[in-house]
Each structure stands twice: as structure tokens, then as C-alpha cells.
Amino acid sequence: MTDTSPAIEEIYSGRTLAFTIPSRDTRGRIVRLDTTLDAILAAHDYPAPITHLLAEALVLTTLMGSLLKDDGSQVTMQAQTEAGAVNLLVCDYKGGELRGYVDFDHGKLAELGSNPSLFALFGKGYLAITFDIANGKGRYQGIVPLEGETLAQACETYFFQSEQVPTLIRTAVRSDGGKCLAAGMLIQHLPDGEEGRERLHARLDHPEWEHVAILGGSVKHEELVDTDLSLEAIVWRLFHEEDEVRIEPGAMIDKGCRCSVEHYREVLAKFPEADRAEMRDDDGIIVVDCAFCSRKFPIEA
């Protein structure tokens, strides 16, 4: 790796950046979301605590989605509880297209103050992460308790418990003048070498992983959201003493709500006619409200 230049930064702007450290059996992803994040958040008038929560969730979903190799694969992250201020948080990523939504109780949220903890928002909740792999390779899901101070910590728990992959995740969110910027970095230890192999004996105390986790964990909140500091420069600062660090630009990240009249027609066609009849208004129209993009789609009978 070499120091960044404006040309290099332009290459990675709006993309995830993938990196590997071969001598440490380590892979990583790093990303910043700005205009795409603002476009997703603009669909609803979220209060500050929910904006921060969804921004972090979108970064985490992007980082996990960027690990997928097969075109058409998708990752969905869902957090839910029955008693907290947040009823449902859901985000998904597919081929660089990102979307997310939070359903919450305004009254309960108002009682929590300006900076509620994760437990205050969700109470006793759970985090479900689902990978739908394209080309007939299957679907798998892991569910873990929604514990820790951040969503990032819950995702670390998922990777270690469900996939036996030691993982370090750091996120940062900054709001300024109505604009929101969020960033994150994910680092994983793959001691078996080949990605995708079953890892029944992953160790958090593996010396190679301890070394990388200490270096990666030193990244600062301010660095992640410093737009004058390129993503490559952050990786360089953390790992410049390693023998080799390989970098590669990932997919462009865009707002990707996949709703359309055609899509909802196909969905509604799967319902019995009796159910569709109950959904129609006096004019014979079924109005479908997309929570992700806050748009309504009138579907004629």
C-alpha cells in the first residue's frame, strides 16, 4: 500500500473498500455512507435517536452484504422486541442496493430522553441476520440476543456464535446541519484459509487474531467519519507495518428500494381472491404502502 491521492480517493468514493492481510489470515471491509444514507433517512421524519440507530444498522448491513460474492445474494438484518420503544428495525443489502426502516412507538421513545441506550430502545430483544445466497446455494439465518451497548457488538456475537468467525466491528455516526454521515469497519479472522469452510474451533485468543484485533480496535470514531481521510488512508494507518495489505474496491452503494406496481401485483396474486376483496377500497383499488420508501402504490383489481 502507498499513501492515498485524490485520484485514489475518487475511485473509492461511494463504495465499500475490501482489504486482506494474508500473513494474518484476515479480511476486512470499510465503508462510509453519506448521500445514500440521507436518501434513505429522508423517507421518514425520524427523531435523532432513531436516525442514529438506523444509520448504524445500514452501515452494518452494508459491511455484511459486501462479504457476499455471488451476484443476486442478499443479507437482511432484523431487530425486534415486544416491549421496547422500537417495534421493528429491518435493513437489507443486495448487489450494492441498500434500504432500511424503523417502526417505533413515539410515546415510549419520548420517555427515554435524548440519548437512550440500546437496551432502553429494545428492552429484551433479538437480532436476526439472514443470508440468501444466489445460484441455489441456500439460505441461512442466525439469531442472537440483542445485547451489548451497540448493534455492532450484537453483530460480532452473531459471527462468533453462528459462523465461528472471530469478528471486530467499529461504527461511527455524525449528524451535522441536517445531514448524516455514517461509517464502519469490519475485520474477520479466517484461520482455516479458504473462505466458506466450517470453523468449529475458532479462537478469540489466537495470536494472529489478537494482533489484528488490537490494531483494528484502535481506529477512532473521528477517523471513520473524517471525510478528509480516505478509506484507504485509514487502513494504511492501522496496518502499514504488515508485510502486505491488499485492497480492492467493492460495489457502489445506492438507495435500493425494490418496490414497484409490478412487484406488488405479483405478491397480491398469491393471495386468495377473498383476501384481496377485503383489501380493496370503494373504488376497487388496493393501496400498498411501502414502509421503506414511504410511497403508496395503487393496484387496480
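This is a predicted model: local features need pLDDT of at least 70, side-chain atom pairs count only at pLDDT 80 or more; totals for chains, interfaces and linings use all residues.
Residues are numbered from 1 along each chain as its sequence is written, and side-chain values use heavy atoms, without hydrogens or water. Local features need pLDDT of at least 70 and side-chain atom pairs pLDDT 80 or more, whereas totals for chains, interfaces and linings use all residues.

Helices and strands are DSSP runs, numbered from the N terminus; a helix (H or I) has at least four residues and a strand (E) at least two. Two strands count as paired if DSSP finds at least two bridges between them. Five strands form an open sheet in the order β8-β9-β2-β1-β10, with antiparallel pairing. Its edge strands are β8 (167-176) and β10, each of which pairs on one side only. From one strand to the next, the twist averages 15°. Axes here are lines fitted to C-alpha atoms, for helices over the stretch in contact, and angles between N-to-C directions run from 0 to 180 degrees.

Strand β1 spans residues 15-21. Five of its seven residues are buried. Buried means under 20% relative accessible area, exposed over 50%, and partly exposed in between, with a 1.4 Å probe and protein chains only. Five antiparallel bridges link β1 to β10 (residues 246-252). Within β10, P249 is the bridge partner of L17. β1 is also joined to β2 (residues 26-33) by five bridges, again antiparallel. Here T20 stands opposite R27 of β2. The hairpin of β1 and β2 has four residues between the strands, and D25 takes a positive phi near 50°. β2 pairs in turn with β9 (residues 179-189), antiparallel over eight bridges. R29 faces L186 of β9 in this pairing.

Two helices accompany the sheet. Helix α7 (residues 207-217) packs on the sheet and touches β2, β8 and β9; contact means heavy atoms within 4.5 Å. The direction of α7 makes about 165° with that of β9. Helix α6 (residues 151-163) lies across β8 and β9 and runs at about 160° to β8.

Helix α3 has 18 residues. From first C-alpha to last, α3 reaches 26 Å, close to the 26 Å expected at 1.5 Å a residue. The expected span is 1.5 Å times one less than the number of residues. Of the 18 residues in α3, 16 are buried.

The structure holds six aromatic pairs. Rings of Phe, Tyr and Trp (its six-membered ring) pair if their centres lie within 6.5 Å; planes under 30 degrees apart are stacked, over 60 edge-to-face, and the rest tilted. Y46 and F104 form a tilted pair, 6.5 Å centre to centre with 45° between the planes. Y46 lies in the loop between α2 (35-41) and α3 (48-65) and F104 in strand β5 (residues 97-104), so this pair ties together parts 58 residues apart in sequence. Y46 is buried at 9% relative accessible area, and F104 is buried at 11%.

The pair of F131 and Y140 is stacked, because the ring centres are 5.3 Å apart and the planes lie at 20°. F131 is buried at 3%, whereas Y140 is partly exposed at 38%. F131, Y140, Y158 and F159 form one aromatic cluster. Elsewhere, the charged end of R99 sits over the ring of F292, 4.1 Å from its centre. Such a placement requires NZ of Lys or CZ of Arg within 6 Å of the ring centre and within 35 degrees of the ring normal.
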